[in-house]
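Below is what I wrote down, entry by entry.

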Amino acid sequence: MPRTGPKREDELMRHWRRHATLHTTPRRVLEPVEGAATLYYSRDLTPIAAHPLIETLGPAAGHALLVQELYAHLEFTAHLEHRVVTQVAWELGIGRMLPWQQVGHRLDANKIYVDEAYHSMVAVDFGQQVHAHSLVAPCVPAEPVFLDRLRTICDRAPAALVPDIRLLFVVISETLITETLRQIYTDAEVLPCVRAVIRDHAKDEAVHRAYFSRLFTRWWPRLPVAEQQRLGAYIPQLIECYFAIDVPTSRARLLEVGLDGCQAQAVIEESLSEHAHRERLATATEGTLRLFRELGVFEHAQIHDAFERRGLTH
Ligand SMILES: [Fe+2]
Ligand SMILES: [Fe+2]
């Protein structure tokens, strides 16, 4: 990864045709490799695969669960980009959303739109390669669970606030995704090709992070205080939505590798603990929450209380 920093990333956005992975990176082709790095996904990020009950089933079970976690990551990426981020980027790009943005910032949103559509396509392409290569049939839901949670949040919110809630969700996801990707591509046990695909994505996302950090810095102070308070109170729900765990799908995968219902329940309860989940979430959102803190978001009692109520730190 090249050196990063706001100035460097602004430069990369300006010279997007020379730097975006769409223009600079070849198609990654999954091939058999010899060597130590043989995992399809990071073991540290797949706690159910490391459970002692899975080890008793033999290495194929753990392997299949890591492949499933990679499918989940790719599905999540394809849906997040295609169903949410491109929609908001397009509205920013044509000035329907934040119409006061300078034309240069609108053009940048259009570049992000294209990047995200490309990331979605790469996720689908790579998922198909993983299937052909691993012969593990994907066990994934019709759509990732975060989409339903996001829909529910928007359905229950006052209609006038929904566009801002969607934009806020994109600010959150775009400012935290680079860190979550880094945890995967820096894992030396993961297959080089998988790491390359995820590193390519992270390279673009570092540029998007800079864009959405600056956008938030311009947007938030323009909002009336009452709207800051109403909107900011959604932040904890939106963070939880992004990291929502799909327990039924995890259970289905555990049954698929050979556990019975009681064993699958035990693995879920012992591996997907609330405490570990909260810790992961706190680490992943560190940079996003720092941005919010710098803008005084948590000085509103309503927002602070919303975090307290959901047991999230800020
Ligand atoms: Fe992306
Ligand atoms: Fe992005």
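This is a predicted model: local features need pLDDT of at least 70, side-chain atom pairs count only at pLDDT 80 or more; totals for chains, interfaces and linings use all residues.

**Entry 1, two loop leucines.** I looked up L135 and found it exposed, with 9 other C-beta atoms within 10 Å. My cut-offs: 20 or more other C-beta atoms within 10 Å of a residue's own is buried, 12 or fewer is exposed, in between is partly exposed, with C-beta atoms placed from the backbone. L135 is in the loop between α6 and α7, and its phi is near 60°, a positive value in a residue other than glycine. Most residues other than glycine have a negative phi. I then turned to L98, in the loop between α5 (59-93) and α6 (103-134). Phi of L98 is also positive, near 45°. L98 counts as partly exposed, because 18 C-beta neighbours lie inside 10 Å.

Residues are numbered from 1 along each chain as its sequence is written, with chains lettered from A and ligands numbered from 1 in the order in which they are written. Helices are DSSP runs (H or I, at least four residues), numbered from the N terminus.

I checked α7 (residues 145-156) against α11 (residues 235-242): the axes are 8 Å apart and the packing angle is about 160°. That makes α7 roughly antiparallel to α11 (over 145 degrees, on a scale from 0 to 180 between N-to-C directions). F146, R149, L150 and I153 of α7 meet Q237, L238, C241 and Y242 of α11; contact means C-beta atoms, placed from the backbone, within 7 Å. I sorted the residues of this contact into 6 nonpolar, 1 polar and 1 charged (Asp, Glu, Lys and Arg are charged; Ala, Val, Leu, Ile, Met, Phe, Trp, Tyr, Cys and Pro nonpolar; the others polar). Next came α8 (residues 162-185) and α9 (residues 192-219), whose axes come within 8 Å and cross at roughly 150°. These two, α8 and α9, are therefore roughly antiparallel as well. Their contact divides into 12 nonpolar, 5 polar and 6 charged residues.

Which residues have the most contacts inside the largest nonpolar core? I noted Y40, L70, L168 and L238, in a core of 76 residues (buried Ala, Val, Leu, Ile, Met, Phe, Trp, Tyr and Cys joined through C-beta atoms within 7 Å). The largest share of this core, 15 residues, comes from α5. L168 touches L231, Y234, I235 and L238, leaving out residues up to four places away in sequence.

Conventions
Angles under 35 degrees count as roughly parallel, over 145 as roughly antiparallel, 65 to 115 as roughly perpendicular and the rest as oblique. Two residues are in contact if their C-beta atoms, placed from the backbone, lie within 7 Å.
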